[in-house]
Amino acid sequence: MDNIKNSIAEEQLPWLIFSLCEYTYAINSKHITGIAVTPESITPVPSAPEIYRGIVNIRGDVYPVLDMRRLFGYNTLENEYAEFAETIEQHKSAHLEWADELKRSVESNTDFSLAIDPHKCKFGSWYYGFKSNSRSANQLLKRIEEPHTALHNTAELIANERREPDSPEKSRKTDELMQLVFDEYIPQITDIMDEAVRRYKSYYRETMITFSNGESRLAIVVDRVLAVDKIEFVDGRINMDKIFNSPYFRGVARNSRVEGDILIIDEKKIMDKAERDIPESEREL
């Protein structure tokens with residue numbers, strides 16, 4: 001541990017801090033040659049392991065492109081977004097089904113069969129335990145709670161009206177409640193969900209970082225660059241799980257601009273790995 005600490009302390013250059021899923025990482029800037037938006041034109045290498053997207057030519061130099069999510073066994077960004085969007089679509093449909101069932105129960109004068117408690121419906125069971133990596137999407141989703149709770153309250157209010165004797169006033173109140181459901185609450189919830197999907201996708205500014213040490217070259221793809229700054233090594237981190245104990249990590253650090261632990265990546269090890277996985281003979285465009 002002392003050797004690691006000393007070697008890190010000796011490096012005076014700042015560190016590039018980035019995110020992958022809910023974790024934060026840092027890599028020393030001494031060999032970084034560029035930071036750019038991940039290009040769409042990446043040439044596949046059929047014989048390369050799946051953790052590589054392929055190779056790119058940058059100013060005449062060929063770089064293997066390593067997907068850091070795949071290297072560490074995370075869900076791909078594309079799959080993560082698709083799963084979130086699909087989940088939101090399912091919950092939009094569930095809200096419409098809930099509203100249609102409420103309408104059916106009113107028209108047939110029968111008891112409403114679905115959840116009245118907003119915490120116990122399909123959406124509520126997911127919503128109150130969900131937290132995405134996108135703070136923007138999380139903040140937006142919080143706005144659903146008010147119309148979602150109001151939506152569920154209409155079922156209870158309508159149930160209370162059913163207990164009253166039939167009258168024009170009873171019908172008027174029930175109609176007003178149903179109008180709120182379809183003209184106000186459902187559209188509000190749907191709009192917030194649609195915007196959450198858009199924000200979820202835009203939160204990730206997938207970035208390609210290129211390295212060269214004079215002999216080897218490598219490009220890595222990360223979710224989002226957070227900062228370029230100095231870091232402070234942290235001693236005594238002995239309870240890291242298998243992700244943190246990967247051979248590609250040098251230790252753990254902190255930074256005043258970033259919350260929580262920062263995992264320090266050993267750039268030499270991932271560059272050496274790329275040399276073994278995609279030798280020079282296969283780096284042809």
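# Reading strands, turns and helices in a predicted model

Visitor: How many residues of strand 1 (residues 15-20) are buried?

Guide: Strand 1 is mostly covered, with six of its six residues buried. Buried means under 20% relative accessible area, exposed means over 50%, and partly exposed lies in between, with a 1.4 Å probe and protein chains only. Strands (E, at least two residues) and helices (H or I, at least four) are DSSP runs numbered from the N terminus. W15, I17 and S19 point one way from the strand, while L16, F18 and L20 point the other way, and all are buried.

Visitor: On what basis are such values given?

Guide: This is a predicted model, in which local features need pLDDT of at least 70 and side-chain atom pairs count only at pLDDT 80 or more, whereas totals for chains, interfaces and linings use all residues. Residues are numbered from 1 along each chain as its sequence is written, and side-chain values use heavy atoms, with hydrogens and water left out.

Visitor: Where in the protein chain is confidence lowest, and where is it highest?

Guide: The quantity to read is pLDDT, the predictor's confidence in each residue, from 0 to 100. Its mean over the protein chain is 88, and 92% of the residues reach 70 or more. Confidence is lowest in helix 1 (residues 2-10), at a mean of 51, and highest in strand 7 (residues 217-222), at 96. Where pLDDT is low, the predicted coordinates should not be read in detail.

Visitor: Which strands pair with strand 1?

Guide: Strands of a sheet pair through backbone hydrogen bonds, either parallel or antiparallel. Here two strands count as paired if DSSP finds at least two bridges between them. Strand 1 is joined to strand 2 (residues 23-28) by six bridges, and the two run antiparallel. With strand 8 (residues 224-229), strand 1 pairs in the antiparallel sense over five bridges. F18 illustrates both pairings: Y25 stands opposite F18 in strand 2, and V225 is the bridge partner of F18 in strand 8.

Visitor: Which residues have a positive phi in the hairpin turns?

Guide: Most residues other than glycine have a negative phi, and most peptide bonds are trans. C21, in the loop between strand 1 and strand 2, has a positive phi of about 50 degrees although it is not a glycine. R59, in the loop between strand 4 and strand 5, likewise has a positive phi of about 50 degrees without being a glycine. Each of these hairpins has two residues between its strands.

Visitor: Are C21 and R59 buried or exposed?

Guide: C21 is buried because its relative accessible area is 12%, whereas R59 counts as exposed because its relative accessibility is 72%.

Visitor: At what angle do helix 3 (residues 77-108) and helix 7 (residues 168-203) pack?

Guide: Axes are lines fitted to C-alpha atoms, for helices over the stretch in contact, and angles run from 0 to 180 degrees between N-to-C directions. Helix 3 and helix 7 pack at about 175 degrees, with their axes 10 Å apart. Helix 3 is therefore roughly antiparallel to helix 7; under 35 degrees counts as roughly parallel, over 145 as roughly antiparallel, 65 to 115 as roughly perpendicular and the rest as oblique.

Visitor: With which residues is E101 in contact, leaving aside its neighbours within four places in sequence?

Guide: Contact means heavy atoms within 4.5 Å. E101, which lies in helix 3, is in contact with F112, S113 and L114 once those neighbours are left aside. E101 counts as buried because its relative accessibility is 16%.
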